[in-house]
Amino acid sequence: MAGSTFCITSSGLLCQFNEKRLLDKWLDLKTSAANCISATEDFIFCGCSNGTLKLFNPVNLRFVTSLPKPHHLGVDVAAGIEPSHLICKKTDALYPDTIAVAFDPSSRWLSCVYSDHSLYVWDTKDVKKFGKVYSALYHSSSVWSIE
């Protein structure tokens with residue numbers, strides 16, 4: 001692991017290069033586009049199109065789980081005060097693309113920026129049950145950095 005470098009391709013491949021800079025492993029993320037990656041000793045987070053966030057094991061590149069999707073596109077975030085207002089019940093709903101991720105290993109929080117300028121922070125302490133720590137749905141322009 002220490003000598004490995006991970007990357008994604010825009011076409012949706014997750015690649016692992018060894019310390020000799022040779023392609024060691026790769027897998028198809030099964031998405032139309034891969035946009036961002038965050039790799040740690042424990043996890044690899046891949047942000048993809050349609051609000052998809054996939055979690056992989058960095059040792060063997062095995063799929064672990066997917067994180068919850070954000071609110072769907074077209075929802076009026078100001079119209080409801082109940083959290084259930086943001087949950088989509090339509091099977092053909094579209095979601096904003098995940099365009100940036102940053103992982104904080106001390107809190108185990110994953111910050112995600114989406115193509116509609118929204119920001120979500122997910123608690124990843126329990127990979128069987130992710131929790132939303134925070135969301136900011138009101139940015140009128142691009143988010144330039146997450147740390």
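A polar contact is a pair of N or O atoms within 3.5 Å; within protein, one atom must be able to donate a hydrogen and the other to accept it, and residues adjacent in sequence count only if both atoms are side-chain atoms. The views below show a predicted model, in which local features need pLDDT of at least 70 and side-chain atom pairs count only at pLDDT 80 or more, whereas totals for chains, interfaces and linings use all residues. Residues are numbered from 1 along each chain as its sequence is written, and side-chain values use heavy atoms, with hydrogens and water left out.

**View 1. Ser 49 and its polar contact with Thr 31.**
The side chains of Ser 49 and Thr 31 make a polar contact of 3.0 Å. Ser 49 is placed in the loop between strand E5 (44-48) and strand E6 (53-56). Strands (E, at least two residues) and helices (H or I, at least four residues) are DSSP runs, numbered from the N terminus. With a relative accessible area of 10%, Ser 49 is buried. Here buried means under 20% relative accessible area, exposed means over 50%, and partly exposed lies in between (1.4 Å probe, protein chains only).

**View 2. The salt bridge between Arg 108 and Asp 42.**
The structure holds two salt bridges, a salt bridge being a side-chain nitrogen of Lys or Arg within 4 Å of a carboxyl oxygen of Asp or Glu. One of them joins the side chains of Arg 108 and Asp 42 (3.6 Å, N to O). Arg 108 lies in the loop between strand E8 (98-104) and E9, and Asp 42 in the loop between E4 and E5, so the pair ties together parts that are 66 residues apart in sequence. Arg 108 counts as partly exposed at 23% relative accessibility; Asp 42 is likewise partly exposed, with a relative accessible area of 47%.

**View 3. Polar contacts of Ser 107.**
Ser 107 is found in the loop between E8 and E9 and, at 16% relative accessibility, counts as buried. A polar contact of 3.0 Å joins the side chain of Ser 107 to that of Asp 104. A polar atom of the Ser 107 side chain also lies 3.3 Å from the backbone nitrogen of Trp 109.

**View 4. Trp 109 in a nonpolar surface patch.**
Trp 109 belongs to strand E9 (residues 109-114) and is partly exposed, with a relative accessible area of 35%. Together with Val 133 and Tyr 134, Trp 109 forms a nonpolar patch on the surface, with about 270 Å² of accessible area for the group. Patches are made of residues with over 30% relative accessible area and no salt bridge; like charges are joined within 9 Å, and nonpolar side chains (Val, Leu, Ile, Met, Phe, Trp, Tyr) within 5 Å. Accessible areas come from the Shrake-Rupley method with a 1.4 Å probe, and for residues only the protein chains shown count as cover.

**View 5**
Leu 110 stands opposite Trp 122 in E10. E9 and E10 form a hairpin with four residues between them, and His 117 in the turn has a positive phi of about 75 degrees. E10 also pairs with strand E11 (residues 131-136) in the antiparallel sense, over five bridges, where the bridge partner of Trp 122 is Lys 132. Strand E10 (residues 119-123) is mostly covered, five of its five residues being buried. Leu 119, Val 121 and Asp 123 lie on one side, with Tyr 120 and Trp 122 on the other, and both faces are covered.

**View 6. The salt bridge between Asp 123 and Lys 125.**
The side chains of Asp 123 and Lys 125 meet in a salt bridge (3.6 Å, N to O). Lys 125 counts as exposed at 52% relative accessibility, whereas Asp 123 is buried in E10.

**View 7. The open sheet E1-E2-E3.**
Three strands form an open sheet in the order E1-E2-E3, with antiparallel pairing. Its edge strands are E1 (5-8) and E3 (23-28), each of which pairs on one side only. Strand E2 (residues 13-17) is joined to E3 by five bridges, and Leu 13 stands opposite Asp 28 in E3.

Note on methods
Two strands pair if DSSP finds at least two bridges between them.
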